[in-house]
Amino acid sequence: MPFGCLLEVAFSSFRTHTSCMEAENHTEASQFLLLSLSYDPELQPILCGGFLSMYMFTVLGNLLIIVAIISDSHLHTPMYFFLANLSFVDICFTSTTVSKMLVNIQAQRKTISYIGCLIQVYFTMIFSGMDQCILTVMVYGRYVAICHPLYYTVIMNPRFCGTLVLMSWFITVSVSLLHILLMRQLTFCIGTEIPHFFCELTQTLKVACSDNFVNTIVLNVATAIMGVFPFMGILFSYSRIVASLMRISSAGGKYKAFSTCGSHLSVVSLFYCTGLGVHISSALTHSSLQNSIASVMYAVVTPMLNPFIYSLRNKDVKGALRRLLNLAAPCL
């Protein structure tokens with residue numbers, strides 16, 4: 001069963017309790033219409049096949065990274081601990097956004113329930129926020145390894161790494177819950193159309209029938225906290241890394257030190273460039289198609305490419321995957 005459907009089933013027990021409240025105060029709509037990338041019936045099988053293929057590549061690629069890291073003792077280090085968490089978050093992020101669209105295409109419908117939309121907004125916020133947090137703590141680990149190599153094992157100990165991940169989960173879950181509680185105060189009219197292939201927070205707030213001023217303010221503050229501050233942390237860490245590399249005399253030493261950051265820098269660039277594209281597209285254009293295409297790059301293509309970036313540019317991961325495949329070959 002797709003991940004998005006499991007989420008809706010997990011929260012279905014809340015429907016009876018909230019239905020009376022929805023009817024009285026919060027909403028007049030029991031479901032929304034999700035506008036897909038195309039209305040052409042002939043393109044629906046192509047879209048379904050394309051997104052299903054990307055979804056399978058994302059799940060299998062990131063799952064291979066996780067299994068390789070767990071099974072290979074050489075990869076039991078802070079950098080690969082964070083990479084395994086990033087792969088897990090990417091699987092969840094793509095499952096939250098794509099699975100519902102695949103179900104709708106197969107069932108030839110465009111609807112999503114009110115509770116289902118809230119669930120999708122909630123988990124999309126969590127997993128996108130976790131992506132940013134994990135990318136930030138990963139670059140912090142590289143900063144410590146290059147700028148303070150003698151203290152690396154002391155600073156980046158397992159307890160501290162676990163604490164960083166738990167703090168990231170706590171922050172993203174809290175911020176996402178705040179957004180959902182504020183969304184519950186909005187009114188949505190019957191027949192509301194969301195110009196997206198999933199319930200994205202910004203697009204959902206735009207179609208509310210009641211005043212969303214408070215929601216918009218909180219969204220801007222949350223964007224600064226969850227987006228701008230981590231990005232500034234990444235820039236600061238890389239500036240310190242570059243400054244340390246400039247003090248290395250040999251070109252070989254510089255290349256060896258910076259090569260450990262190559263994969264992370266590629267993933268960060270891809271993540272923030274596509275994310276920035278989504279926000280610019282949403283702010284400057286009213287075309288739902290352009291917004292959806294930008295979101296596909298951010299929510300689908302980026303998680304799919306991450307395993308390829310790390311496996312192709314990292315000798316340790318390639319070696320672990322090769323050993324894993326050799327162990328699995330006799331069983332096939």
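Guide: Helices here are DSSP runs of H or I with at least four residues, strands are E runs of at least two, and both are numbered from the N terminus. This is a predicted model, where local features need pLDDT of at least 70, side-chain atom pairs count only at pLDDT 80 or more, and totals for chains, interfaces and linings use all residues. Residues are numbered from 1 along each chain as its sequence is written, and side-chain values use heavy atoms, with hydrogens and water left out.

Now the count. The structure holds 2 disulfides. A disulfide is a pair of cysteine sulfur atoms within 2.5 Å. Such a link is a covalent bond between the sulfur atoms of two cysteines.

Take Cys117 and Cys199. Their S to S distance is 2.2 Å. The torsion about this S-S bond is about -120°, so the disulfide is left-handed. Cys117 sits in helix 5, while Cys199 is in the loop between strand 3 (193–194) and helix 8 (201–206). The pair links distant parts of the chain, 82 residues apart. For burial, the scale is relative accessible area with a 1.4 Å probe on protein chains only: buried is under 20%, exposed over 50%, partly exposed in between. Cys117 counts as buried at 1%. Cys199 is buried too, at 0%.

The other bond joins Cys189 to Cys209, S to S 2.0 Å. Cys189 lies in the loop between helix 7 (158–183) and strand 3, and Cys209 in the loop between helix 8 and helix 9 (213–246), so this pair ties together parts 20 residues apart in sequence. Cys189 is partly exposed at 30% relative accessibility. Cys209 is partly exposed as well, at 42%. With the bonded cysteines numbered in sequence order, the pairing reads 1-3, 2-4.

Other cysteines deserve a glance. Cys48 is buried, at 10% relative accessibility. Cys261 is in no disulfide. Its nearest cysteine sulfur belongs to Cys147, 9.0 Å away. Cys261 is buried, with a relative accessible area of 0%.

A nonpolar core is a set of buried Ala, Val, Leu, Ile, Met, Phe, Trp, Tyr and Cys residues joined through side-chain atoms within 4.5 Å. The largest such core has 92 residues. Phe51, Phe82, Leu83, Met183, Phe188 and Ile241 have the most contacts inside it. Helix 5 gives the most to this core, with 21 residues.

A cavity is a set of points, on a 1 Å grid over the protein atoms alone, where a 1.4 Å probe fits but cannot get out; lining residues have an atom within 4 Å of a point. Points join across faces, edges and corners, and volume is the space filled by probe spheres set on them. There are 2 cavities of 30 Å³ or more. Helix 4 (78–107) and helix 5 (114–147) each supply at least two lining residues, and helix 5 gives the largest share, 4 residues.

One last stop is Gln108, in the loop between helix 4 and strand 2 (111–113). Gln108 has a positive phi of about 55° although it is not a glycine. Most residues other than glycine have a negative phi. Gln108 is exposed, at 75% relative accessible area.

Terms used. 1 Å grid on protein atoms, 1.4 Å probe; cavity = no way out; pocket = protein on both sides within 12 Å on 5 of 7 lines; lining within 4 Å.
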